[in-house]
Amino acid sequence: MLAGRCVGSVAETANRFIRQRCPHLLKFLPKNFGFGLGLDFRESSLIMNAKNQRKFAQNMVFNLAIGFHDLELTDMQKADAQGSIRKLSKYSMLIADTVLIQVGCTGYLHIFLNHNIFSLATSPPIL
């Protein structure tokens, strides 16, 4: 997620990574991996899917959401589980963060409401 790269490259990179490491999970990936935040909460022209050819620009803000949906629990997993998890047949998981596009690096925005602290942590590029 760097300035100048295509928004769709996030989906392509995620699909390639899963295909190489855990191909059996590929069918459980969502079709999009987040969206741009702007005047509307979810900018329809900045949805991160493989078809989007718009470019990331400096100071754009995105909600990056990566996960798997409708994973099935095997009977053995259910037997090892505790409580109401034994009654589940499927589950999903999602991890999300807010990302600020910058030149040369990507910033992750974290707001800690209980301390009223706003911090920007920079890291090497994801893609």
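Me: How many aromatic pairs are there in this model, and what makes the rings of Phe 56 and Phe 62 an edge-to-face pair?

Reply: In this predicted model, the count comes to 1 aromatic pair. The ring centres of Phe 56 and Phe 62 are 5.0 Å apart, and rings pair when their centres lie within 6.5 Å. Their planes stand at 80°, and an angle over 60 degrees counts as edge-to-face, so that is the name this pair receives. Both Phe 56 and Phe 62 are also buried.

Me: Why is Asn 63 called buried?

Reply: The relative accessible area of Asn 63 is 17%, and buried means under 20%, so Asn 63 falls on the buried side of that cut-off. Asn 63 lies in strand E3, which covers residues 61-72, and, leaving aside residues up to four places away in sequence, Asn 63 touches Phe 33, Gly 34, Phe 35, Leu 37, Met 48, Ala 96 and Asp 97.

Me: Why is Tyr 91 described as partly exposed?

Reply: Tyr 91, which is found in strand E4 (residues 90-101), has a relative accessible area of 31%. Buried would need a value under 20% and exposed one over 50%, so Tyr 91, being in between, is partly exposed. Together with Ile 85, Leu 88 and Met 93, Tyr 91 makes a nonpolar surface patch of about 330 Å².

Me: How do you know that the length of helix H1 is close to what is expected?

Reply: Helix H1 runs over residues 9-21 and has 13 residues. The expected span is 1.5 Å times one less than the number of residues, which gives 18 Å for H1, and the helix reaches 18 Å from its first C-alpha to its last.

Me: Which residues of H1 are buried, and what covers the buried residues of H1?

Reply: The buried residues of H1 are Ser 9, Val 10, Ala 11, Ala 14 and Ile 18. Their cover includes strand E1 (32-37), strand E2 (43-49) and E3. In general, an α-helix has 3.6 residues a turn, so residues three or four places apart point the same way.

Me: What pattern does the protein follow along the sequence, and how much of the protein counts as buried?

Reply: The protein has 2 helices and 6 strands, and, read along the sequence, they follow the pattern α-β-β-β-α-β-β-β. Of its 127 residues, 33% count as buried, while the protein exposes about 8,500 Å², of which carbon and sulfur atoms supply 57%.

Notes: Residues numbered from 1 in each chain as written. Predicted model: local features only at pLDDT ≥ 70, side-chain atom pairs only at ≥ 80, totals over all residues. Heavy atoms only, no water. Helix = DSSP H or I, 4+ residues; strand = E, 2+ residues; numbered from the N terminus. Buried < 20%, exposed > 50% of the residue type's maximum accessible area, 1.4 Å probe, protein only. Contact = heavy atoms within 4.5 Å. Patch = residues over 30% accessible without salt bridge, like charges linked within 9 Å, V, L, I, M, F, W, Y side chains within 5 Å. Areas by Shrake-Rupley, 256 points an atom, 1.4 Å probe, with all protein chains shown as cover. Salt bridge = Lys/Arg side-chain N within 4 Å of Asp/Glu carboxyl O. Phe/Tyr/Trp six-rings, centres within 6.5 Å; stacked < 30°, edge-to-face > 60°.
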